[in-house]
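Please have the sequence and the model open side by side.

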Amino acid sequence: MSFNLYAHFPFCRRKCAYCALKSRAGASVEARQAYVARLADEVRSLILPEEPAPTTIYFGGGSPGLCDLRPLFDALRERGLLPAAEFTVELHPNDVSPKLLETLAAGGVNRVSLGIQSFDDATLAAMGRGHTAAEAIAAYQAVQRVFPNSGFDLIVGYPTTSATSSASRTLPEIVRQLAPAHVSVYTLIRELGTKLDLDVRKGRLALPDDDAALAEYARVAETLQAAGLVRYEISNWARPGAECRHNCAVWRGEDYVGLGDGAHGRGGLVRTVGEGDAYARETLSPESDALERALITLRTCFGFDPEAAVQRHPLLASRLTAWRQELDFAVEQGLARRNGNAYCLTSRGTEVCDAVLERLL
């Protein structure tokens, strides 16, 4: 039985202008140490399957690199969860140092995801990232020397006053230089209550229109494809074999444990989310659970196979005819294509994935 663990670290040096995630800046060393100790205790209390393999572990944030993670590594090792098949840690470029990378490697980490977001200095300044493009490149090169199976994140569609705002303008040269194993590309979402939202409302920044944002994404996608990376999920590109196994497990509908303030988890019909030191729980109906697990596969390059979904979740059988009709219509509209029994989104389909999913629901 597979076992997947996500731990959230809600600490950062500063709140990025676009960020609506649960994170807090300026937490004391003592507060961060206490948080890691708490997660270590929760790991020791986990109920594990008899054979928790293959195992994926993912530390996200915020930035886990602001914490001394060694007590948590010890707890994972005590429970037999290390070495994991895949152990990813997200880092901010400002956190990268030889000492930190050495500590992560000694702790069992074998993959790093670096939050670069842009290679344009004006855009980085508007985002409040606290690093330059050159510093991000140097940080990623340092990561690569220790963790070859690593990647970085980008955000497209971010407003800036720079005439060369697009991350895609300099990306071809940078991708050739860095040769990343994995790249995640996200289209900016304007979240209410963020600094970005305030700047837009006050007229200090203007969001590009949808066509401009999609054109930027298309340029980035073309660059990544030309560099040999394959789009295996709506927002994720990887060299063959370098796909994020943890996220793939989520997209296959597998269960995963979520630890920490802001962490989401899924076990059977129960969904959890960390709220402070406790966890809120929601129990889904069997049909809602089955729908969630089945339809999320539409986000991937493997697509959604209605027949396979019904075989796995028989209570969805009554939806099969309607699903086929909706998916065949999506094919006619150029939003999907057939791959055997599965339906995969086209490039245009990925742009309106939520609308396609809504019709299937």
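This is a predicted model: local features need pLDDT of at least 70, side-chain atom pairs count only at pLDDT 80 or more; totals for chains, interfaces and linings use all residues.

Strand E15 (residues 336-339) pairs with strand E16 (residues 342-345) in the antiparallel sense, over 4 bridges. Helices (H or I, at least four residues) and strands (E, at least two) are DSSP runs numbered from the N terminus, and two strands pair if DSSP finds at least two bridges between them.

Residues are numbered from 1 along each chain as its sequence is written, and side-chain values use heavy atoms, with hydrogens and water left out.

Antiparallel pairing is also found in an open sheet of 3 strands, in the order E12-E13-E14. Its edge strands, each pairing on one side only, are E12 (264-267) and E14 (278-283). From one strand to the next, the twist averages 25°; axes here are lines fitted to C-alpha atoms, for helices over the stretch in contact, and angles run from 0 to 180 degrees between N-to-C directions. Strand E13 (residues 270-275) is joined to E14 over 6 antiparallel bridges, and Val273 stands opposite Ala280 in E14. Strands of a sheet pair through backbone hydrogen bonds, either parallel or antiparallel.

Buried means under 20% relative accessible area, exposed over 50%, and partly exposed in between, with a 1.4 Å probe and protein chains only. The arc is that of the directions from the helix axis to the C-beta atoms. Just after H3, Gly108 takes a positive phi of about 105°.

Phe87 lies in strand E5. With 0% relative accessibility, Phe87 counts as buried. Leaving out residues up to four places away in sequence, Phe87 touches several others, among them Ile57, Phe59, Phe73, Leu76 and Gly108; contact means heavy atoms within 4.5 Å.

Helix H8 (residues 210-226) has 17 residues and reaches 24 Å from its first C-alpha to its last, close to the 24 Å expected at 1.5 Å a residue. That expected span is 1.5 Å times one less than the number of residues. Which residues of H8 are buried? They are Ala213, Glu216, Tyr217, Val220, Ala221, Thr223 and Leu224. Their arc around the axis is only 160°, which puts them on the same side of H8. On the other side, Asp211, Glu222, Gln225 and Ala226 are exposed. The buried residues pack against strand E7 (151-156), helix H6 (171-178), strand E8 (182-187), strand E9 (230-233) and strand E10 (236-238). At the start of H8, a side-chain oxygen of Asp209 comes to within 3.2 Å of the backbone nitrogen of Asp211. After H8 comes Gly228, with a positive phi near 95°.

Conventions. A polar contact is a pair of N or O atoms within 3.5 Å; within protein, one must be able to donate a hydrogen and the other to accept it, and residues adjacent in sequence count only if both atoms are side-chain atoms.
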